[in-house]
Amino acid sequence: MAEKTEKIDIKIELEQKASLVNEVIAAVIKGFVGIPDRLREAIEYTLSAPGKRVRAAVVLLCCESVAGNINKDAEIAAAAIEMVHTYSLVHDDLPAMDDDDFRRGKPSCHKAFDEATAILTGDALLTMAFELLSTKISEPSKAVEMIKTLAEAAGPAGMIAGQVDDLLAQNGTGSSDNLHNIHINKTAKMFAASALLGAIAGGASRQQKDLLGRFGLKLGLGFQIADDILDVSSTSTQLGKTAGKDAEQGKLTYPAVFGLEQSRKKADELANQAAEILEPFEEKANMLKGLVLALLNRTK
Ligand code: GRG
């Protein structure tokens, strides 16, 4: 019974975090002036689609784990992370990349608008995220540290490297090392950056940042393995995106290389390791620990 109540609490907590960040994003977008109508429409279309806002929740809960509360800097950082993440999805769905017509339960940006608008929407979201961090974070030193952290995670030795290697590995061959590197670069580094942005917002010490950076990498890798598992075990309606695409495109995934059972075991191991890293934060990290379990046992 206690476990059931805890699960409900975490579900409500995550829904509250998602609505908070949705409000921040909507306000932030309104604040940008001079955006042509069609581009604004496409930006609002992609950002208002129901993403899970998981990376935003990691930012907010890491700030809470350090400072005991969620501050304005964490809210801004959460919005910036979701804007960069959403840009990557818009570009990933393009015909030149993963070529998907369906995202967050709606037609992908290039289907709802057109390819050029989708490319420019991604460009705009990426640029706006950095403008946001450079203008709205309370202290310049925190802003610079956040900008550097996010740029490294999303950049050519981070998410973009992961995407390049993911596209190259589409004949289904490749070593488990290659698979690990793709997942770390494509997904886990953005989770580590989310954790670090929350830590920076909360005024973390160097040691706390080290812990939360390691936590984010474990959580992100576990999240991506769970994503690989869901791709083979869920429906498109449940996922809000096309299911079964990894196998169709011969992608290098955990289930393809290790099988479903081993993949589930690996995701569980990572969840336990991630939760253990949070021990020094004591009860301030209770919600963050709940998030780890909720994410790795998710159904969408
Ligand atoms: C285009 C530079 C560039 C990178 C694209 C994010 C990405 C890299 C590709 C999308 C495909 C994919 C499976 C990426 C791995 C990360 C991931 C699991 C994305 C989906 O994240 P969720 O489930 O999505 O958090 P929502 O829609 O809930 O935000």
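**Entry 1: the ligand and its polar contacts**

I started at Arg 104, where an N or O atom of the side chain sits 2.8 Å from an oxygen atom of the ligand. I kept in mind that this is a predicted model. Next I looked at Arg 55, and found a polar side-chain atom 2.7 Å from an oxygen atom of the ligand. Then came Lys 52, whose side chain places an N or O atom 2.6 Å from a ligand oxygen. I also checked how covered the ligand is: taken alone it exposes 700 Å², and the protein buries 93% of that.

**Entry 2: the shell**

Which residues come nearest to the ligand? I noted Lys 52, Arg 55, His 85, Arg 104 and Gln 224, out of 18 residues around the ligand. Sorting the shell by class, I got seven polar, six charged and five nonpolar residues.

The largest share belongs to α4, with six residues.

**Entry 3: from α10 to α15**

I found α10 packed against α15 (residues 286-296) at an angle of about 20°, the axes being 9 Å apart. That angle makes the two helices roughly parallel. On the α10 side I wrote down Leu 212, Phe 215, Leu 219, Gly 222, Phe 223 and Ala 226. They meet Leu 288, Leu 291, Val 292, Leu 295 and Leu 296 of α15. I counted this contact by class as ten nonpolar residues, one polar and no charged.

**Entry 4: α14 on α15**

Staying with α15, I turned to α14 (residues 260-277). Here the packing angle is about 170°, and the axes lie 9 Å apart. So α14 runs roughly antiparallel to α15. From α14 I noted Ala 267, Ala 271, Ala 274 and Ala 275, which meet Lys 289, Val 292 and Leu 296 in α15. The classes in this contact are six nonpolar, no polar and one charged.

**Entry 5: α3 on α15**

Is α3 roughly parallel or roughly antiparallel to α15? I looked up the angle between α3 (residues 54-67) and α15, and it is about 155°, with 9 Å between the axes. The pair is therefore roughly antiparallel, because angles over 145 degrees count that way. For α3 my list holds Val 54, Ala 57, Val 58, Leu 61, Cys 62, Glu 64 and Ser 65. Their partners in α15 are Met 287, Leu 288, Leu 291 and Leu 295. By class I have nine nonpolar, one polar and one charged residue.

**Entry 6: looking back**

Leu 288, Leu 291 and Leu 295 of α15 turn up in my list for α10 and again in my list for α3. Val 292 and Leu 296 are in the α10 list and also in the α14 list.

Terms used:
Residues numbered from 1 in each chain as written. Predicted model: local features only at pLDDT ≥ 70, side-chain atom pairs only at ≥ 80, totals over all residues. Heavy atoms only, no water. Near = heavy atom within 4 Å. Polar contact = N/O pair within 3.5 Å; in protein donor to acceptor, adjacent residues only side chain to side chain. Areas by Shrake-Rupley, 256 points an atom, 1.4 Å probe, with all protein chains shown as cover. Helix = DSSP H or I, 4+ residues; strand = E, 2+ residues; numbered from the N terminus. Nonpolar A, V, L, I, M, F, W, Y, C, P; charged D, E, K, R; others polar. Axes fitted to C-alpha atoms, helices over the stretch in contact; angles between N-to-C directions. Parallel < 35°, antiparallel > 145°, perpendicular 65-115°, else oblique. Contact = heavy atoms within 4.5 Å.
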